[in-house]
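The structure is shown first.

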Amino acid sequence: MVRILIAISILFSTTAGYGQEARLRLLLAGDSTVQDADHRTTPDWGWGQVLPRFFDDGVEVVNLARGGRSTRSFIDEGRWDELLSLTRPGDFVFIQFGHNDPKEGERFSSPADYGRNLARFVADIRAKGATPVLFTPVSRRRFDSEGNLEFTHGDYPGVVHDVAESSGTLLIDLTTKTRRLLMEHGPEGSKRIFLHFGPGEDSRRPEGLEDNTHFSEYGAMRVAGIVVREVMSLGLSPLCEHIAEVPVP
């Protein structure tokens, strides 16, 4: 009887483990616009934080994005090595940087270094038997006096295009897609996508906030919806087969 119980226990453990391992995984690398924000201290949302809402239980989203990171600091802090240690054959890895790479100091990556870092990410993920997908950075909300949306990332989105083309890597152009989203909402309506509220409206920012970089929950959902529609457009199988909710354009 004891041997039978042990055998049943081993079989159950093996089967349970197999079920977890068989689950399709999507790993995210990026900055604050992607990360899982702690809402005990901040009102912003990353698009990666709401991405699981669009998939069924067959997909596990592992969000390793962190606020303030560039390609350089993500490597220097060991976060890229951590991601690689978790990456398995068959995984998808979405990579979006570019907000912080142009900033002076320890995070700075020149466009050339930014490109080399992205190329390294692609090669490392492929060596793991996983599929990398490169993203251009999401647009900031910056309209000029005539209501035209300004470009805020310089040469960096173009570098992502170049790396994707030269390495044959899948690309999702969030810069262009989110620019379109912001222009559709207009200078006033696009405030809803980001964090705009007055004094006393949110205890986490009692002084009020006008933030044109980080997303509200609505904004994060709209950007995640863009990502999901692009996954469908690219036919990323089997990932696209686990989409539980098709986002409205």
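## Helices α4 and α5

α4 and α5 are roughly parallel to each other, because an angle under 35 degrees counts as roughly parallel. The angle between helix α4 (residues 79-86) and α5 is about 20°, and their axes lie 10 Å apart. Their crossing is right-handed. The model behind these values is predicted.

On the α4 side the contact is made by Trp 80, Asp 81, Leu 83 and Leu 84, and on the α5 side by Arg 120, Phe 121, Asp 124 and Ile 125. By class, the residues of this contact divide into 5 nonpolar, no polar and 3 charged.

## Helices α5 and α6

Helix α5 (residues 111-127) also packs against helix α6 (residues 156-167): the axes come within 9 Å and cross at roughly 40°. The two helices are therefore oblique to each other. The crossing of α5 with α6 is right-handed.

From α5, the contact takes in Pro 111, Tyr 114, Gly 115, Leu 118, Ala 119, Val 122 and Arg 126; from α6 it takes in Tyr 156, Val 159, Val 160, Val 163 and Ser 167. The contact of α5 with α6 has 9 nonpolar residues, 2 polar and 1 charged.

## Helices α7 and α8

For helix α7 (residues 174-189) and helix α8 (residues 217-234), the packing angle is about 130° and the axes are 11 Å apart. That angle makes α7 oblique to α8. α7 and α8 cross in a right-handed sense.

In this contact Leu 174, Lys 177, Thr 178, Leu 181 and His 185 of α7 meet Tyr 218, Arg 222, Val 223, Ile 226, Val 227 and Glu 230 of α8. Sorted by class, the contact of α7 with α8 holds 6 nonpolar, 2 polar and 3 charged residues.

## Aromatic rings

The count of aromatic pairs comes to 7. Ring pairs join Phe 74, Trp 80, Phe 97 and Phe 121 into a cluster. Two members of this cluster, Trp 80 and Phe 121, also take part in the contact between α4 and α5.

## Charges over rings

Which residue has its charged end over the ring of Phe 151? Arg 179 does, at 3.7 Å from the ring centre.

Arg 192 lies over the face of Tyr 218, 3.6 Å from the ring centre. Tyr 218 is also one of the α8 residues in the contact with α7.

How values were computed:
Residues numbered from 1 in each chain as written. Predicted model: local features only at pLDDT ≥ 70, side-chain atom pairs only at ≥ 80, totals over all residues. Heavy atoms only, no water. Axes fitted to C-alpha atoms, helices over the stretch in contact; angles between N-to-C directions. Helix = DSSP H or I, 4+ residues; strand = E, 2+ residues; numbered from the N terminus. Parallel < 35°, antiparallel > 145°, perpendicular 65-115°, else oblique. Left-handed = near helix turned anticlockwise from the far one by under 90°. Contact = heavy atoms within 4.5 Å. Nonpolar A, V, L, I, M, F, W, Y, C, P; charged D, E, K, R; others polar. Phe/Tyr/Trp six-rings, centres within 6.5 Å; stacked < 30°, edge-to-face > 60°. Lys NZ or Arg CZ within 6 Å of the ring centre and 35° of its normal.
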